[in-house]
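Here is a short briefing on one chain. Please look over the sequence and the structure before reading the points below.

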Amino acid sequence: MKMLRLLPFFIAGVLMLNSCSKDNKAVEPEPEEVAGSSEVVNVFHKPEQYYQMYVYRYDSTATKWTSRIASHFSTIPSDDPTFIGFTNPNVVDSGVNLFGMVTFYTSEIGTNNIKTAKINVEKVLQFFPETVGATKGKVKVLAQDVTISRKEGSPFKIGISGEGTFNTETKVIDLIVNFNETAIGGKAKVTHKYKLSVNPLTLN
């Protein structure tokens, strides 16, 4: 009889334990995005001296795309072939006009000469295909501070970050880049839109 009286309490205890175990069950994290193979990188970069993509910026004031922004010499970092960087291996002690930064900050630099500005960034773009072998996917701008040299020799830094999409069939990257200009008294987020292409584009 005593066992029968205790049976409801026993059942309730088992149900409570089962409920707790479900509540405390570890939530599996969502799978992280995995950087694409070097095949995607090889669509947008060519191992040729002085090779550079066609880079255009949308001018929101003029409401049209700029002409090609030259001096975007692409390179692949030796320690991670899933990235494209922009450096100038062709001219000693020089650089590139990354996203038009030499033009943006001419007054701070004291000149629009890329050799003076010395912008060289080994890792900039990283690609994330939708699936393995996909022709489309995301591209991210590695968040970092870019060091720029002034004409008188002192450096200053501008932060960059951003993301966009790529298509290896059209060979076009659509990109949003954010610039952090607080180090020179500017805004924490200045946004510009770009297109990077293996082939020249007619945009206007």
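Start with Ile148. Leaving aside residues up to four places away in sequence, Ile148 touches Met101, Tyr105, Ile109, Ala117, Ile119, Ser154, Pro155, Phe156 and Ile158. The model is predicted.

- Nine strands form an open sheet; the order is β2-β1-β9-β8-β7-β6-β5-β4-β3, and the pairing is antiparallel.
- The edges are β2 (64-65) and β3 (74-75). Each has a single partner strand, so one side of each has no neighbour in the sheet.
- Strands β6 and β7 run antiparallel and are joined by 12 bridges.

- Across the pairing, Ile148 stands opposite Phe156 in β7. Phe156 is also among the residues that Ile148 touches.
- Is Ile148 buried or exposed? Ile148 counts as buried because its relative accessibility is 0%, and the cut-off for buried is under 20%.
- Thr116 lies 32 residues from Ile148 along the chain, and their C-alpha atoms are separated by 8.7 Å.

**Thr165 in β7**

- Thr165 sits in strand β7, residues 155-167.
- Relative accessibility is 42% for Thr165, so this residue counts as partly exposed. That class falls between the 20% and 50% cut-offs.
- Which residues does Thr165 touch, not counting those up to four places away in sequence? They are Gly137, Lys138, Val139, Val172, Ile173 and Asp174.
- Thr165 and Phe128 are 37 residues apart in sequence, with a C-alpha to C-alpha distance of 8.9 Å.

**Positive phi in loops**

- Where is Phe99 found? Phe99 is in the loop between β4 (83-86) and α3 (101-104).
- Phe99 is buried, at a relative accessible area of 0%.
- Lys118 also has phi near 55 degrees, again positive in a residue other than glycine.
- The loop that holds Lys118 runs between α5 (114-117) and β5 (121-129).
- Lys118 is partly exposed, at a relative accessible area of 32%.

Note on methods. Residues numbered from 1 in each chain as written. Predicted model: local features only at pLDDT ≥ 70, side-chain atom pairs only at ≥ 80, totals over all residues. Heavy atoms only, no water. Helix = DSSP H or I, 4+ residues; strand = E, 2+ residues; numbered from the N terminus. Buried < 20%, exposed > 50% of the residue type's maximum accessible area, 1.4 Å probe, protein only. Contact = heavy atoms within 4.5 Å. Pairing = 2+ DSSP bridges.
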